[in-house]
Amino acid sequence: MTIRQLDADAYTAALPALGRLLADTVAAGASLGFVHPFDAPAAQAWWADLSPAVAAGSLRVWGAHDGTGDLVGTISLALPSKPNARHRAEIVKLMVHPRARGRGLARTLLDTAEAAARGADVSLLVLDTETDSPADRLYAATGWTRYGLVPAYAASPDGTLKDCSFYYKQLRTQSG
């Protein structure tokens, strides 16, 4: 696998592949904020709406490509612009295509985003995910701390309301 951060031009070029990845991942049941029906054109449009944030640098996006060059995973890091929030960021849209699962790619993508956050002087990361999902188990196993669970927080792709776990990870203490 090759993982690289997508600059504005690479992001624009990757929009069709990002759309297919998101649509395929949702079709496989991943709770990423979308419900059926949801297709690749709608997913691509969602990604395209984020282009200004990628160009501005407030949203960093990485793509994971397999040996054939296909996009099989992604993760994003959302950096807030508010002065009182510049020490924190949010992990968003970690996804691995169903055919690429079980090889440690999600963990590698998460490590990539965490390293980039450290490099951006971020000391606190936050995220949310469906409770009892594979992602929930990943975060618990990689040093993230669950700080809350909200019942019936978000709808799964089939429309069923699911509980959501909220996590944080301190990358360093406030003193250093």
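**Briefing: a loop residue, a pocket and an aromatic cluster**

At 28% relative accessibility, A120 counts as partly exposed, because that class lies between buried (under 20% relative accessible area) and exposed (over 50%), using a 1.4 Å probe and protein chains only. The model is predicted, so local features need pLDDT of at least 70, side-chain atom pairs count only at pLDDT 80 or more, and totals for chains, interfaces and linings use all residues. Residues are numbered from 1 along each chain as its sequence is written, and side-chain values use heavy atoms, with hydrogens and water left out.

**Two loop residues**

- A120 sits in the loop between helix 4 (105-119) and strand 5 (124-130); helices (H or I, at least four residues) and strands (E, at least two) are DSSP runs numbered from the N terminus.
- A120 and D132 are 12 residues apart in sequence, and their C-alpha atoms are 31 Å apart in space.
- T131 is in the loop between strand 5 and helix 5, and it counts as buried because its relative accessibility is 11%.
- The side chain of T131 reaches the backbone nitrogen of C164 at 3.4 Å.
- Leaving out residues up to four places away in sequence, T131 touches D136, R146, L149, D163, C164 and S165, where contact means heavy atoms within 4.5 Å.

**The largest pocket**

- The largest pocket holds about 860 Å³ of space, a volume being the space filled by probe spheres set on grid points joined across faces, edges and corners.
- Of its 36 lining residues, S31, L32, L94, T129 and A135 are the closest to the centre.
- A pocket is an open set of points on a 1 Å grid over the protein atoms alone, where a 1.4 Å probe fits, with protein on both sides within 12 Å along at least five of seven lines; lining residues have an atom within 4 Å of a point.
- Strand 4 (88-96) gives the largest share of the lining, 7 residues.
- The lining divides into 19 nonpolar, 8 polar and 9 charged residues; Ala, Val, Leu, Ile, Met, Phe, Trp, Tyr, Cys and Pro count as nonpolar, Asp, Glu, Lys and Arg as charged, and the others, Gly among them, as polar.

**Aromatic rings**

- The whole structure has 9 aromatic pairs.
- The rings of W46 and W47 are edge-to-face, because their centres are 5.0 Å apart and their planes are at 75°.
- Rings of Phe, Tyr and Trp (its six-membered ring) pair if their centres lie within 6.5 Å, and planes over 60 degrees apart count as edge-to-face, under 30 as stacked and the rest as tilted.
- W46 is partly exposed at 24% relative accessible area, whereas W47 is buried at 0%.
- One aromatic cluster is formed by Y11, F34, F38, W46 and W47.

Definitions and conventions. A polar contact is a pair of N or O atoms within 3.5 Å; within protein, one must be able to donate a hydrogen and the other to accept it, and residues adjacent in sequence count only if both atoms are side-chain atoms.
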